[in-house]
Amino acid sequence: PSTPRHTNRLISEKSPYLLQHAYNPVDWYPWGQEAFDKAKMENKLIFLSVGYSTCHWCHVMEEESFKNKEIGEIMNEHFVCIKVDREERPDVDKVYMTFVQATSGGGGWPMSVWLTPDLKPFAGGTYFPPEDGVHRVGFRTVLLRIAEQWKENKDALLESSQRILEALQRTSEIRVRGQESPPPPEEVMDTCFQQLSRSYDEEYGGFSKSPKFPTPVNLNFLFTYWALHRTAPEGARALQMALHTLKMMAHGGIHDHIGQGFHRYSTDQHWHVPHFEKMLYDQGQLAAMYSRAFQISGDEFFANVVRDILLYVSRDLSDQAGGFYSAEDADSYPTSTSGEKQEGAFCVWAAEELRALLPDPVEGATEGTTLGDVFMHHYGVEEAGNVDPMKDPHEELKGKNVLIARCSPELTAAQFGLEPGRLRSLLQECRQRLSSARAQRPRPHLDTKMLAAWNGLMISGFAQAGAALAEQGYVNRAVQAAAFLRTHLFDPDSGRLLRSCYQGKDSSVEQSAVPIQGFLEDYVFVIQALFDLYEASLEQRWLEWALHLQHMQDKLFWDPKGFAYFSTEAGDPSLLLRLKDDQDGAEPTPNSVTVTNLLRAACYSGHMEWVDKASKILAAFSERLQKIPITLPEMARATAVFHHTLKQVVICGDPQGEDTKEMLRCVRSVFNPNKVLMVADGDSAGFLYRQLPFLASLERKDGKATAYVCSNFTCSLPVTSVQELRGMLSP
């Protein structure tokens, strides 16, 4: 009988990332009291390693160092070793990433940090190769040097760690100083637009040369800037920048043309060769951005990209109980007999493979043309592979092709003497055939952890798409996911959100022994999702829950002295810093989104203290918003929403009536960042009527569905014509 594999403590964890390391020779501990006590009792330093399950370089460091028996012995002898999943514990990640960025000028994952037994950091970095090289010190050497330092210069190390912590506390503080008020919105919006405009890539779209990230926060800002400057040349440029970026991304290799959805980012300027992992938070935000692009432009191209993203999420990232999984990995085995995973193996193609799959002659095309010829021309396939060797340092993509739409359908059709409509159906047939072939390959690892915050972003994506595309099925999927959150990621006894749950055995949903409580981002993204879901479904239970969670967020995270919200609640002695994020990144920072959430909450409840809180957040970030708003485009956008005051669009009518539905379609088809939608259905006992007594005075005109556009609870004259309503909806 074979000997059972060695396991460490991580075998009892639920996180897929921690479970990946459960068979290492390293004596890993999860973040917690047991590890802290051991470090103190044995007077040992802590080695903290932070990553996530779909992180390519995390896999590399595990293969090279954490699976190495000798390195494992050095780690176990000299350190208490702790593994953290950054997606499960963003609070721990943020504290130590702040340190690594401040001391090394860079950051990323895997993150490697050395701490004193009382958790203060004194040395850190990201990926280390196992052995010394020409330009880098190896991990083994670093471990031995730090262990030696602890033995020889313990007092100096402790002193240095205390100084570092005090400096971090000073530099990371965000607060209102004196009598600051929100910054002037026009100035903030114009500066942010100019900064984005300067960094914009005119040819390929996006806001850097390479690597290139989707950054939905930039696109959302540009859509709002356009809405407020429609008739000015700056407004036209803002719209052109956003739409061109979205088009180039959809044509590029960052978009999975066979399996749908978007990869994490592009390694080059052309959106061509991606880093192949797929993250839920990207799909959710991009579904919302492409929905807005469709609302604004009416171009079906954008609606089709929305459908593509939501098809991918429904098929590959959905739990049968209704939640959404976190991510799919970049690396997979090229074949079922391969011994080593390669990045992108699931997604790339050799030219001969495509010829073999698409040999059919194409009737009506120039003589001798096969399906393969048409497909390969359209998607930029080359016989020797189309990946620049500079973007493939490990030669994992040598001889392979990453599909990228190189031509418009019209150009490809003309090249082969085909009608554009015929070409589209031929390409569709090719993609289906390749999809079936790809299904035979070993799939990448799926991270089946379900996070409240990212589920919130995805619910917003489905709800906004359902409203903008008038697709009830998408709204239903958002409702199913919100019900999942309510069941599995909410504790009705305490009224609080939980951070994460996990796919268990036999497709059940499991919770860890001690559930992780929700962080600020969980509350903010779920509240935003519930407002979006109410506007798409008109079910008042989602509104009610959103307002409850907003009260809870205030209680747990609000800073009454310096204003704005902390990312974590008070009272966890293992967290050395209580931080406020000050940069919108792959996801917007929670304080940015919460400004708009608070304004929406005030519109739906009449609680004006929420408007006051929104004002105080903008005041706390005022200096940054005036100097470098490009770091906070979502909050810059919120300054305009705050200044212009949200319009309450109230429709009085039977939600099932055809005239009400027509008005709802009108409201949902117009992009206006400054509105909230509600339906007053005459049920005076309903939740909305209890919150907003002024609704009782609004009534239908001539028995027809009637719209009112209100500002600060003062309403316009009633409108029964869809044309008039459309005119009143412009920002």
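These legends describe close-up views of a predicted model.

**View 1. Domain layout of the protein chain.**
The domain assignment lists three stretches: domain 1 (10-172), domain 2 (347-440) and domain 3 (648-729). The C-alpha centres of domain 1 and domain 2 lie 45 Å apart.

**View 2. Threonine 366 and its contacts.**
Threonine 366 sits in a loop. Leaving aside residues up to four places away in sequence, threonine 366 touches Gln415 and Phe416. Phenylalanine 416 is 50 residues away from threonine 366 along the chain. Even so, the C-alpha atoms of these two residues are separated by 5.6 Å.

**View 3. Helix 17 packed on helix 18.**
Helix 17 covers residues 452-468, and helix 18 covers residues 472-488. Their axes are 7 Å apart and form an angle of about 155°. An angle over 145 degrees counts as roughly antiparallel, and helix 17 and helix 18 are therefore roughly antiparallel to each other. Their crossing is left-handed. From helix 17, the contact uses Ala452, Asn455, Ile459, Phe462, Ala463, Ala465, Gly466 and Ala467. From helix 18 come Tyr474, Val475, Arg477, Ala478, Ala481, Ala482 and Leu485. Sorted by class, this contact holds twelve nonpolar, two polar and one charged residues.

**View 4. Helix 19 packed on helix 20.**
Helix 19 runs over residues 520-537, and helix 20 over residues 540-557. The two axes come within 8 Å and cross at roughly 160°. That angle makes helix 19 roughly antiparallel to helix 20. The crossing of helix 19 and helix 20 is left-handed.

**View 5. Side chains and residues at the contact of helix 19 with helix 20.**
Which residues of helix 19 make the contact? They are Leu520, Tyr523, Val524, Val526, Ile527, Leu530, Phe531, Leu533, Tyr534 and Ser537. Helix 20 contributes Gln540, Trp542, Leu543, Trp545, Ala546, Leu547, Leu549, Gln550, Met552, Gln553, Leu556 and Phe557. How many nonpolar, polar and charged residues does the contact have? It has 18 nonpolar residues, four polar residues and no charged residues.

Notes: Residues are numbered from 1 along each chain as its sequence is written. This is a predicted model: local features need pLDDT of at least 70, side-chain atom pairs count only at pLDDT 80 or more; totals for chains, interfaces and linings use all residues. Side-chain values use heavy atoms; hydrogens and water are left out. Helices (H or I, at least four residues) and strands (E, at least two) are DSSP runs, numbered from the N terminus. Contact means heavy atoms within 4.5 Å. Domain bounds come from an automatic or database domain assignment. Axes are lines fitted to C-alpha atoms, for helices over the stretch in contact, and angles run from 0 to 180 degrees between N-to-C directions. Angles under 35 degrees count as roughly parallel, over 145 as roughly antiparallel, 65 to 115 as roughly perpendicular and the rest as oblique. A crossing is left-handed if the near helix is turned anticlockwise from the far one by less than a right angle, and right-handed if clockwise. Ala, Val, Leu, Ile, Met, Phe, Trp, Tyr, Cys and Pro count as nonpolar, Asp, Glu, Lys and Arg as charged, and the others, Gly among them, as polar.
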